[in-house]
Amino acid sequence: MVACETSLMNVAEASPLVKYEAVIGIECHVQLRTASKMFCPCSTDFQDDPPNSHTCPVCLGLPGALPVINRVAVEHVLATALALGAEIPEYTRWDRKNYFYPDLPKGYQISQYDLPLSARGRLEFDTSDGQVSVAITRAHLEEDTARLVHEVDSNGKRVSRVDFNRSGVPLMEIVTEPDLRTAEQARRYAEELRMLLMTIGASDAELENGQMRVEANVSLRPWGQEAFGTRVEVKNMNSFRSVERAIGFEIERQARAIDAGERLLQETRGWDDDRGATYTMRSKEYSQDYRYFPEPDLPPLRTDDAWLEGIRARMPELPAARRRRYVEELGLSAYDAAVLVADLDATRLFEAALTADEALPAKRVANWVTGEYLRLAKVAGGEGTVPGPGGGDRNGIGGGGGDGEAAGQPPVSPRELARLVRLVEDGAISGTNAKQVFERHFATREGVDAIVAELGLRQISDVSALEAAVDEVLEANPAAVADVRAGKTQAVGFLTGQVMKATRGQANAAIVQRLFRDRLGA
Amino acid sequence: MEHVAYLARLGLSEEELTRLEGQLNHILDQYRVLAELDTERIPPTAQTIELENILREDVPMPSLPSDEVLSNAPERAGDVFVVPAIIGGAGE
């Protein structure tokens, strides 16, 4: 009893969520996967090019330049809306969001205000404490801004260096309702959203390079209270881990401030990953006055059923449906299904290997992909085993054909993986040797049969071929034979090992063991 | 009045502020007259050109040469524009 009370007190001290309910909403900006910019035909493939080399009068905001809407960017947002089960109004419009800042030479950003391309969607995902469903407020389309680098020049003057390559890249903003309650839920939401966007080909959505920017609104309120507490916006979270850490930190910071009777400021705070803390970026005391008004340079957009049906028809299977199918139809565990679906390369490899040999048990193939493949892929370089963004293939769903999952060349050939699993299934090579073959194939892409032949790994399962080896070992090890006869059956393992050694691992251990047991009546 | 001037980054003298305040109030009065009309059954209009769905295909075209891009730069360093630092501005 006493121990129990003590631990409860510790929990109360440890987690601010015992006393307060955290209220979290997420705003994501996502660069869409298009070949050209949102309102002009400048190429978006500028990763390795000099600053300002992908610009024109439209994305430089020169007077008199007129924007024209990129169809694929619109279709990416519509596909996202369909994937989120969101409403798509028949009629949408563009608005100017006015502000002065050097990242925006026109003095306004073309965005959408009261008539966004989609609203009221939903995204569901699993967390360590069950499934969570978050309401999506809206998803709209806008243009990205120029990149600024602040520095001090040689005269000691503070300056900003401006690169307009990013200016005008199509940007989708996705906003949730304040439905999230923990830092983990926020991270999981962001992960699931990224997976969805990658699956439909709308974005490469790398947090590390700013293709996906996650911002969180975090406030606390005592449990049972309906009114929201003071809201703080958290930015600069450049990885999923940062999302969870930053929000976790912010919850604790706010709880401590409220407990100490301090007044929280409504402000924007940045996350400092090295220090593991948030810091004040700017106060929201004076609210922004963007004076939105309809963009006169762009005609409105009307969506109709035929257009939406076309987009729907091109849409690949979505992550949630895929996980369900893997469990219900292929008999995978929920865990394996989640691991597979979380990695597009793994999903592709798994699917293609099963297609290459339809008779293979899905569970076995899944084990190879979630085990050896993901292990080696991680060692080989983080999560990206396909050629990264800018690798030439920017073929999204509107990009013509395909299933939206633009395929890079994974280091493992699905056909060879299928062959390897087949060899193991047929007892032609041992599981241990198969791993060796797989590693070699991963490194060199050589064919599985060629590797097996070269390394002499083909398993000997032929009883008559093994009997000779078994007889030799029986003769050479009278002590072990006596042990087995005396009832020490574990000595069979030793004898089997001798045969394995003699055949350089090629003997089928199960058969060898059976032969020994038969001979020795063990 | 000062707030509106600030949003447009206009530096106005006291005298200008007074004069423009009168003019602006006059404009607002005119809107008050317009607001008396019954517009219940008229949809809000943002555009008078009857065009919709003017879209371009997603095909990249050559951009401007860098020197042309930077020809109007107040100050440049290599390929980048250089401007005075503005900290705490708006922006995404």
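Biologist: Which helix holds Ala186(A)?

Modeller: Ala186(A) sits in helix H3 of chain A, residues 183–199; helices are DSSP runs of H or I of at least four residues, strands runs of E of at least two, both numbered from the N terminus. This is a predicted model, in which local features need pLDDT of at least 70 and side-chain atom pairs count only at pLDDT 80 or more, while totals for chains, interfaces and linings use all residues. Residues are numbered from 1 along each chain as its sequence is written, and chains are lettered from A and ligands numbered from 1 in the order in which they are written.

Biologist: Why is Ala186(A) called buried?

Modeller: A residue is buried with 20 or more other C-beta atoms within 10 Å of its own, exposed with 12 or fewer, and partly exposed in between, the C-beta atoms being placed from the backbone. Ala186(A) has 30 within 10 Å, so the term applies.

Biologist: What is Ala186(A) in contact with, leaving aside neighbours within four places in sequence?

Modeller: Its contacts include Ile24(A), Leu180(A), Val243(A) and Ile247(A); contact requires C-beta atoms, placed from the backbone, within 7 Å.

Biologist: What makes the buried residues of H7(A) line one face?

Modeller: In H7(A), residues 334–341, the buried ones are Asp336(A), Ala337(A), Leu340(A) and Val341(A). Down the helix axis they fall within an arc of 125°, so they line one face; the arc is taken over directions from the axis to the C-beta atoms. Ala334(A) and Tyr335(A), on the other side of H7(A), are exposed. Helices H6, H8 and H9 of chain A are among what covers the buried residues.

Biologist: How do you know that E12(A) and E13(A) pair, and which way do they run?

Modeller: Pairing requires at least two bridges found by DSSP. Strands E12 (232–237) and E13 (267–272) of chain A share 3 bridges and run parallel, with Glu233(A) opposite Thr268(A). From E12(A) the chain passes through helix H4 (240–259) of chain A to E13(A), a left-handed β-α-β crossover. Right-handed would require a clockwise path from the first strand over the helix to the second, with the strands pointing away from the viewer.

Biologist: How many bridges link E9(A) to a strand of chain B?

Modeller: There are 4 bridges between E9(A) and strand E3 (80–84) of chain B, which run antiparallel. Val159(A) has Pro84(B) as its bridge partner.

Biologist: How many residues of each chain are in contact across the two chains?

Modeller: On chain A 48 residues are in contact with 35 of chain B. E9(A) supplies the largest share of the chain A side, 6 residues.
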